[in-house]
Amino acid sequence: MTKLVEISGLNIRFTGERTVYAVNDLSLSLGDGEVLGLLGESGSGKSVTLRALMRLLPKKRTQISGTVNVMGRDVLAMNDEQLSSFRGQTVSMIFQEPALALDPVYTIGAQIAESVVRHEGKSFAEGRARALEMLEVVRIPSAKRRLDAYPHEMSGGMRQRAMIALALACRPKILLADEPTTALDATVQIQILLLLRELQREFGMSVIFVTHDIGVAIEICDRVAVMYAGQIVEQGTLRDIVRTPVHPYAKGLLASTIHGAKRGQRLETIPGTPPSLGERPHSCSFAPRCAVAQPRCLEQLPANVEVGPGRAARCVLAEPVTALS
Amino acid sequence: MSETNASVAMLEPVEDRGGVAQPLLQVNGLTKHFPVRGGLFAAKRTVRAVDHVSFTVAKGETVGIVGESGCGKSTTARLLMHLMPRDTGDIIYDGMSVGQSLSLRELRRGMQMVFQDSYASLNPRLTIEESIAFGPKVHGMADGAARALARELLGKVGLVPANFANRYPHEISGGQRQRVNIARALALSPRLVILDEAVSALDKSVEAQVLNLLADLKREFGLTYLFISHDLNVVRYISDRVLVMYLGEVVELGPVDQVWDQPAHPYTRALLAAMPSSDPDRRTETPPITGDPPNPIDPPSGCRFHTRCPFAEPLCANATPKLTALDRMGHEAACYMAIPGSGHSRAPKEETV
């Protein structure tokens, strides 16, 4: 499988009144036609990683080091002009809150058309035709009428569909999805997830899907990277991670989901709270909350151990694969 | 800090007057409509936020309310707390109706609420200790005693008083703030606590901690919970009985296992089927229903679900089905398909007795 995205040794630090080490030594890759889930709790750095891929972080207050390669191009070295053609055409993004991501003073049709005119140099009429086509693709009922609707005239689920239409209007190779179903009702969430799954297959896109909800990840991802305190603590195929997690944090996260827990039975929890990201981690960030922590966990950063084909965990207890003779 | 410090006095809870058989809370025909101003010549429209909602909560029970946004769960909670006036309906607390045999002041001591937004519901200018002590002081407790109580309660919710009492809400994490809100609700020794999406904004691992805490506190203080959430897994875990609401109406209610295992209303079935799968090999293939919940402004006539229901027949649009008992366990549903002899083609035959 060719790699569309290769991130290695990515560090992101926000400076200002206090320094936040949001992402530390993160490496991941995304294959062609693959759906990768970034799973983690709030503050674990999943959205920041996603934004770095499109260089959406505020320039002045962000220090980024490492390499981010998308389809062989170095994203961190792009100038503004290159970035604006890169965004939308190669990579595009959908957000949690479509009401905030869409422009309230333009109609849906005009916003989609503008993006097509801008990126593909087509006329506005052609852009509008594409907009209509896209609204039909995301199955907005009476699409023709909805072209002239403003975002506030639509319901939450409809707005999310419109945002997906906008993001896919220029047929990007890679779609970044930042918790696109979190703000939706349960019956609408499943509709949007199924739509995204179908469009991914139809368009042959690769997707990075950020979520905190394991159920959502199960519905859509092929591979999952579990994040904690700005690092990927475990990655592997969805099945492996869900069935046999290796890292104690991944284990705890899966055990603490309430799915199927019996009433009256105590829920398994991870004690304590995530660390503040005020300094660069020198040892395992999870050690203070870990039930199986050892003295050596506090001495140095655990290495990223390959525990199986395409599967790695950052834990001293992880057993590396021994080469079979 | 699990042992009760003998020197810390709690407020006396509102006396149990009705005895065990008397439900702690009886709600009959609760209704709240909000008028919406249309244009100059537009017809006046109304949001039917809560429409003829009736249920009871027994002493020591946990009742869950589930539904999507706009279904009236939070409005119901606010009406129960008397945070807004109701249009019609009775709210009877332990056999006493508010305003007659029970003053609003007493009711607020007997019933407390925890909100979803842990930050917005704390006064940013008060320390955590002051916030918790505020209620008891209003109800006549001396300052010193109220502060001692606040520290005691902080210990009960798993926060070390010495570390947290003098901090401000912005200095602690979301999970810790929600613990403070729970401690504050308990400061008036309530018998009923309404939890309105109280764990929804928390991360999964923290959510599990808070749910365990709620279970412990319920046992220790003999509490009754009304637990409102959109998360079906959480509601199933914590509730004894559950109410399913859709556009301001209760469409199904009953013991949680009955409702989950044999959902009678098509909306309940859709809601359950919409939960993401937990098995990578058995993903959801088709969405259980299409479309968004309709706007609660001027909701559909008859059964409000008929516009999205795959089994809708003409009679569904004409008149609203009433909640009808399905068994003797208290499982009820408001659907013509569950009412014998209703005229719906899928309805059971009327039993001749």
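Predicted model: local features only at pLDDT ≥ 70, side-chain atom pairs only at ≥ 80, totals over all residues.
1. Residues are numbered from 1 along each chain as its sequence is written, and chains are lettered from A and ligands numbered from 1 in the order in which they are written.

2. Chain A holds 11 helices and 12 strands, where helices (H or I, at least four residues) and strands (E, at least two) are DSSP runs numbered from the N terminus. Its C-alpha trace spans about 65 × 50 × 50 Å along the principal axes, and buried residues account for 45% of its 325 residues, buried meaning that 20 or more other C-beta atoms, placed from the backbone, lie within 10 Å of the residue's own.

3. Chain B gives 31 residues to the contact and chain A gives 37 residues, with two residues in contact if their C-beta atoms, placed from the backbone, lie within 7 Å. On the side of chain B that touches chain A, helix 7 of chain B supplies the largest share, 6 residues.

4. B:Ser205 lies in helix 7 of chain B and counts as buried because it has 24 C-beta neighbours inside 10 Å. Leaving aside residues up to four places away in sequence, B:Ser205 touches A:Glu41, A:Gly252, A:Leu253, A:Ser256, A:Thr269 and A:Ile270.

Methods:
Buried ≥ 20, exposed ≤ 12 C-beta atoms within 10 Å, placed from the backbone.
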